[in-house]
Amino acid sequence: MFYIKLFLLSVLLSSIIASTAVTGEKPFHALGCENDSVYLSCPKGYAIDVLTALYGKKDRRVCHYPRNKYSNCAAGNASTIVKFKCNGKQNCIIEASNSVFGDPCRGTVKYLEVTYKCQKVAVNTKTACENTTLKISCPDDSHLWIVNAFYGRVNQLTCFKEGKETLTNHCDADTAMTVLESSCNNLRECTIDAKNSVFGDPCKGTMKYLEVDYECRK
């Protein structure tokens, strides 16, 4: 009974581990017992860079269960899979399960252990005046990720046109982020019209503009 309680406690603790990283020199660690979820996270403006990943059993004390048959096994594809699923993202959830990595040692409760860094990601900004088209793109080995999107007007200088009346400098369409995320995220390039028909009209009679902050993630 003692070992069963110890095992259940180990599973419970691992299931609530969520590694929310802050930037620094040391790598961050995320751990989850078999059939649990492992969470990797970086602050805004940073992206996950996986260093190592282990799915198996190397330490008998981790996710301990008295009937374990092996204490030295590892799936050979763990690093490749975790890098493919998580690299370049701000947040990532991956299941520590045989269905993802295969079973390197049957009859043994395994665990997934990941070490990673949070790398600073360059944020690009592009602007398109109302009734024009905005195009954003990334190099061939990366994809778009929208950080922020704005359609409206918050200053007098952007997209100023002589003779065009500006009734307000304080308007913002609340649809902008949703539209850009659904239209552009994970694509290599994206084109979208800066028009009221796309975002709605947050300030009628005022010349507006679309401004987008985005990252190129690998």
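Before I go on, a word on the model. This is a predicted model, so local features need pLDDT of at least 70 and side-chain atom pairs count only at pLDDT 80 or more, while totals for chains, interfaces and linings use all residues. Residues are numbered from 1 along each chain as its sequence is written, and side-chain values use heavy atoms, with hydrogens and water left out.

Back to the cysteine. Cys105 has a disulfide partner, Cys73, at 2.0 Å S to S; a disulfide here is a pair of cysteine sulfur atoms within 2.5 Å. Cys73 sits in strand β5 and Cys105 in the loop between α3 and β7, so the bond ties together parts that are 32 residues apart in sequence. The helices (H or I, at least four residues) and strands (E, at least two) are DSSP runs, numbered from the N terminus. Cys73 is buried too, because its relative accessible area is 7%.

So where does β5 sit? Look at the sheet order, β2-β7-β4-β5: four strands, open, with antiparallel pairing. Two strands pair if DSSP finds at least two bridges between them. The edges are β2 (28-33) and β5 (73-74), each pairing on one side only. Inside the sheet, β4 (residues 46-57) and β7 (residues 111-120) run antiparallel and are joined by ten bridges.

Now put the helix on. Helix α2 (residues 78-86) lies across β4 and β7, at about 150 degrees to β4. For that angle, axes are lines fitted to C-alpha atoms, for helices over the stretch in contact, and angles run from 0 to 180 degrees between N-to-C directions.

What about the largest nonpolar core? There are 22 residues in it, and those touching the most other members are Leu40, Ile48, Val82, Phe101, Leu112, Val114 and Tyr116. A nonpolar core, by the way, is a set of buried Ala, Val, Leu, Ile, Met, Phe, Trp, Tyr and Cys residues joined through side-chain atoms within 4.5 Å. At least two residues of this core come from each of β2, β3 (37-41), β4, α2, β6 (91-95) and β7. Click on Leu112: leaving aside neighbours within four places in sequence, its contacts include Ala30, Val38, Leu54, Tyr55, Val82, Ile94 and Phe101. Contact means heavy atoms within 4.5 Å.

Two of those names come back in the aromatics. A search of the whole structure finds four aromatic pairs. Tyr55 and Phe101 form one that is stacked, at 4.9 Å centre to centre and 25 degrees between the planes. This pair links distant parts of the chain, with Tyr55 in strand β4 and Phe101 in helix α3 (residues 98-101), 46 residues apart. Both Tyr55 and Phe101 are buried. The rule takes rings of Phe, Tyr and Trp (its six-membered ring) with centres within 6.5 Å; planes under 30 degrees apart count as stacked, over 60 as edge-to-face and the rest as tilted.

Phe150 and Tyr209 make a tilted pair, 5.6 Å centre to centre with 50 degrees between the planes. Phe150 belongs to strand β10 (residues 143-153) and Tyr209 to strand β13 (residues 209-217), 59 residues apart. Phe150 counts as buried because its relative accessibility is 10%, and Tyr209 counts as buried at 1%.

Nine bridges join β10 to β13, and Asn148 stands opposite Asp213 in β13.

Cys138 counts as buried at 3% relative accessibility, whereas Cys216 counts as partly exposed at 24%. Cys171 and Cys203 form another, with sulfur atoms 2.0 Å apart, and both of these cysteines are buried.

Conventions
Buried < 20%, exposed > 50% of the residue type's maximum accessible area, 1.4 Å probe, protein only.
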